[in-house]
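Subject: Structure handover and notes

Hello,

The structure is below, followed by my notes on what was found in it. Please read them alongside the coordinates.

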Amino acid sequence: MINTNSLGILGQFYSNIKESFKSIYQNSNFYEKKISKTFNSNFEYKPSPHLLSSIIKYQNKKYKIEDFAIESIWQNNLSSKDYEKLNNFFWFFSLDLKSSKKNTQTVVKNWISNNSKYQKKSWEFDLTAKRIISWLSNHQLTYEDSDQEYRSTFDYMIQKQTNHLLNEIKNSKEVENKMVGCAAIILTGLAYKNEKHYLENGLNLLKNIIKFSIDNQGFTKSRNIRQLIFYLKYFIIIREWFKESQNLIPEYIDETIYYLGSSYAFIWQNIKQDIFFNGNYSSENKEFDQYLKRFGYTFKNKINELSGYAILKNKKIILAVDIGSSPNKTFSNDYQAGALSFEIFSNEKKIISNAGYYSDRNNKFNKLSRSTSLHSTLTIEDYSSCNFTKHQKSLIIDKGLKVSKKNVVFENNYWKISGAHDGYSIKFGTIYERQIEFYPEQMKFIGYDKLLRKTPNKEIKFDIRFHLDPSSKVMKTQDNKSILIEVDEEGWKFSCDNFDINIDNGLYFGNKNSSKENQNIFISGMNNEKEQIIKWEISKL
């Protein structure tokens, strides 16, 4: 019998063989001829660089190209991160327009001289797409006042790199990279108007991205909040390129922006808070809101549940709960096993949080931040509710879970969010149900966590964690039945009468790729019953 490990080894062997053949092909004269088939089209539409201000971090201080060693800039030994930054040319957006055009164009010429033929490292898909966007968008420095020889070389290299993107986009593993690549192809098609090949192909690819990765509610199938906002930004940029170049905007682009925007209103604009579910951490969405306002985009959404998230709010309180099933493994690169976890905000301060997400996949914290124990929900025997497996450079879901029995009630004096998941059904024969109620007049939350087992023939240990913001202060009362929480001089009391409650130290990943110590309250217990209910309360002092 062939076991799973053997299949994994065979799969890796096949992948290595495939990559070897691909490398030989891409470095061949045949591939060079294929991507060198360009057209004598003129660079007509000159895109405004400010259209990209939603994805470019513009600095207050602008640099002059003279500040860089333009002759030796490509010869330095760079870290992989600095190499990417240098070769994607997004640093051109930080250049002062008073910089020398001649010197800027010399940098471009030097890059072309060293990379005119395909090279795996410098022609990596994401780098190539961003480089095309940057060269075209910074035309005031990269193209204006240049001689005919330079312009011909520039136009040729833009189209050659775009041909490479068209050839590679189906093989790109990251959905976000496909989006950037698609945008670059479309921009080339708009910039070189006489060549319809790029625009038609780019738009067909865009349709495929919509069909493949966006659900019928207008949310990304990954259920990833950051990816949703990423998509919205790029669709708006593409729309603005069409508008500025005086091309007819395809209806499906407007329709996709409408639905993505409605999801954005639900997940951010309605609450103006970052909720740490499924790959999310503290954002710069307020800056994006300013971008939307500047370009005249307004989104609305008044529903309470979307794509597996339930969010209830009034003027003071926000209750957000993840009541969604895990995504298909294809879309699970950044998924966290936090089903039925929740967060509470009071007067814009987090009272109960999840720990956040460490997005650097090469760091051990990435795997840790995916675990159920770093979410405000229940774990059994220290296992996560989903299993993850290594796939190339990412962790993806091996065995997912389904959420059922979802119910959301939102009345003036009573809120309720409830659901159940089967993440522990195979390993422990247990269904986990959670119900969270809120009584606005009393400012009290009551939670009921239920374990349902068909045959409780073995005792199992459970923990329910309630993570806190690093700024929170906690103290256990003398009777050991309550824990006091203080957040910015606002006091709350956590209590659970029938089970042990304690305070534990933990890690907080709420800011991108950084860690802090925080604390969490946890309930511990043993279960050997068919049905066991753990009741807890969080009330304002």
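D147 caps the N-terminal end of α7, with a side-chain oxygen 3.3 Å from the backbone nitrogen of E149. That is a polar contact, meaning a pair of N or O atoms within 3.5 Å; within protein, one must be able to donate a hydrogen and the other to accept it, and residues adjacent in sequence count only if both atoms are side-chain atoms. Helix α7 covers residues 148-168, and its 21 residues at 1.5 Å a residue should span 30 Å; the end C-alpha atoms are 30 Å apart, which agrees. The expected span is 1.5 Å times one less than the number of residues. Helices (H or I, at least four residues) and strands (E, at least two) are DSSP runs, numbered from the N terminus.

This is a predicted model: local features need pLDDT of at least 70, side-chain atom pairs count only at pLDDT 80 or more, and totals for chains, interfaces and linings use all residues. Residues are numbered from 1 along each chain as its sequence is written, and side-chain values use heavy atoms, with hydrogens and water left out.

Salt bridges

The structure holds 22 salt bridges, each a side-chain nitrogen of Lys or Arg within 4 Å of a carboxyl oxygen of Asp or Glu. One of them joins the side chains of R361 and D334 at 3.1 Å, N to O. This pair links distant parts of the chain, 27 residues apart: R361 is in the loop between β5 (349-352) and α13 (364-369), and D334 in the loop between β3 (317-322) and β4 (342-346). D334 is buried, with a relative accessible area of 10%; buried means under 20%, exposed over 50%, and partly exposed in between (1.4 Å probe, protein chains only).

E490 and K540 form another salt bridge, their closest N and O atoms being 3.8 Å apart. E490 lies in strand β16 (residues 490-495) and K540 in strand β19 (residues 531-540), so the pair ties together parts 50 residues apart in sequence. E490 is buried at 13% relative accessibility, whereas K540 is partly exposed at 29%. The side chains of E343 and K350 also meet in a salt bridge, at 3.0 Å, N to O, and both residues are buried. K101, E144 and D145 are linked in a network of salt bridges.

Aromatic rings

The whole structure has 42 aromatic pairs. Rings of Phe, Tyr and Trp (its six-membered ring) pair if their centres lie within 6.5 Å; planes under 30 degrees apart count as stacked, over 60 as edge-to-face and the rest as tilted. F89 and W135 have ring centres 5.4 Å apart and planes at 75 degrees, so the pair is edge-to-face. Both F89 and W135 are buried.

Two buried residues

D449 is in strand β12 (residues 444-453) and has 0% relative accessibility. A polar contact of 2.7 Å joins the side chains of D449 and R434. Apart from neighbours within four places in sequence, D449 is in contact (heavy atoms within 4.5 Å) with residues including Y432, E433, I464 and W536.

T104 lies in helix α4 (residues 101-115) and is buried, with a relative accessible area of 0%. Beyond its neighbours within four places in sequence, T104 is in contact with I65, F92, L95, S99, L141 and T142.

Regards
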